[in-house]
Amino acid sequence: MKIDGYEIAERLFDLVSSGVSEEAAAEICEIDHEEAKALLDEYGKKYCNITDNDLFYDRLFTKVDYFDACERVIKNKETDVYFSLNSFYRSKRLSKDVRHINAFVLDFDFYKIDKFKDKTPGEFYKVIKEKLPFNPTAVVDSGRGLYVIYSFKHCSYHMTKLYESIMKFFFDQFDKYGMDPLAQLVTQVIRIPGTINSKSGRTVSIIEMNDTDYKIQDFAHFLPWTVNEVKEYKNLKVTKKYSKIIKKKITKKKNHFKPYFEDFKKLIMIRNKSNNYCTEGYREQLLYLLQDKACQMGYSSSEAVDMALELNEFFNKPMTANEVKQQCKPSGDRRVRKIDTIITKLSINIEEQKQMKVLKKRWLKKSEYAKRKNKHPLLNRTKAQMKRLERRKNVLWLKVEEKLNNSAIARKLGIDRGTVIADLKYIKNNPSEFIKKLEVYLQELEEYSKKKVFTLKELYQDQLAMLEFLLSGYKLLEKIRRQESADYG
């Protein structure tokens, strides 16, 4: 099938945008250099808004239409008006429809950080100015926070992965300064200068403008890998011989989705109580990630929407059904979202993670698993807990029954005198707690000693030690109760 001039021009532009020279792009498209140059010029006039020092690509709107719209909203003092620095194939703000990438936007919500909450955007900019890698193209007071903008030329949607990697670098550098983790997408929008921020009632204004001439490749050296290292990794990945992998049917993944749903629900309930998460975009992001995970694990789009609508009802301020369907709809990009990515996007802290089933960092899971693994399977206590309770019981028994002093008790039990003093102090300050723990442990130990597994699993010496502890423990409890009765009488 013959390719028309427009498709060739579009392919030429994509190649040039990715760093290929015009001559090499012409050779790839099998046309001469002059013809390629003419096609690029024609394409630029039709689809690129060109000024002397800058290029801003947009297929949907001309520069005149854009400035007319901006002038109208500024004149009318409209509130909460946004625009995207990147352009799209069609008038839907989806990542799969991105056509040209024009800028990085670092969105700082510094007012959420105690250290900076009393500063103005201008004062905060002075704090981070020296830490920025390059001179920014623009710095904008968003009415509450701060936008730092780096615009660049010749970047097509093919470089989305590079864009995301560089944005991740920026976030790692400026997370402690309040950079918004949810504002790293190619679909990100910002407020139009001159409009009103309804949350603060202040006007969005430009703090600084600079004449810059960047390309996205200028930021690539911040990444931790060189071009050669990336090529070597790709070659290794291709040539590596993998063992036979049996792919599970996607429907089987449904069984594993329930813990995710319960964790999302639990997170909403926790944050409803704190009332600290009523920020714009939190609900949309959570419901988007829920639907995205559901579709990835085998549910249909309609089933995912139904689950999102069910979860939406748990918010203090639920969204409308139409908002859930339109604003929280997952993209067609079915990438597997790592648990760490979900945690970062929803800013789930350690205390919240401890209450989750699956939405927790790997090191936290390992820590909890280690604690469970170290516990006795039937007595539900770690060896350290059991040893501590037995030691305190022995210390109290020797003190009450044999009337030994602290030094003698320490010598007999083979422990430090300081440990004996600490144990007696704990028992004196928490008598009811100690007695209750001892009673529960003795009851559990008695039930365990009557089971068949007791003789099969425990060593003979351990069996004798447990039975001896059981007998002396009950004697000690009986003596304590008699003493309490005598004191009461």
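1. Over which residues does pLDDT stay under 50, and how many contacts does the model have for them beyond four places in sequence? This is a predicted model, and the stretch to look at is residues 241-252, with four such contacts.

2. Strand E1 (residues 48-50) has the lowest mean pLDDT among the elements of the chain, at 50. At the other end is strand E7 (residues 138-141), which has the highest mean, 94.

3. For the chain overall, the average pLDDT is 80, and 84% of the residues reach at least 70.

4. Next, the helix pair. The axes of H9 (residues 282-296) and H10 (residues 301-312) come within 9 Å and cross at roughly 145°. The crossing of H9 past H10 is right-handed. On the H9 side, the contact is made by Leu-286, Leu-287, Leu-290, Gln-291, Ala-294 and Cys-295. H10 contributes Ser-301, Ala-304, Val-305, Met-307, Ala-308, Leu-311 and Asn-312. Sorted by class, this contact has 10 nonpolar and three polar residues, with no charged ones.

5. Lining the largest cavity are Leu-85, Asn-86, Ala-103, Val-105, Tyr-163, Leu-185 and Gln-188. Five of these lining residues are nonpolar and two are polar, while none is charged.

Conventions:
Residues numbered from 1 in each chain as written. Predicted model: local features only at pLDDT ≥ 70, side-chain atom pairs only at ≥ 80, totals over all residues. Heavy atoms only, no water. 1 Å grid on protein atoms, 1.4 Å probe; cavity = no way out; pocket = protein on both sides within 12 Å on 5 of 7 lines; lining within 4 Å. Nonpolar A, V, L, I, M, F, W, Y, C, P; charged D, E, K, R; others polar. Axes fitted to C-alpha atoms, helices over the stretch in contact; angles between N-to-C directions. Helix = DSSP H or I, 4+ residues; strand = E, 2+ residues; numbered from the N terminus. Left-handed = near helix turned anticlockwise from the far one by under 90°. Contact = heavy atoms within 4.5 Å. pLDDT = per-residue confidence, 0-100.
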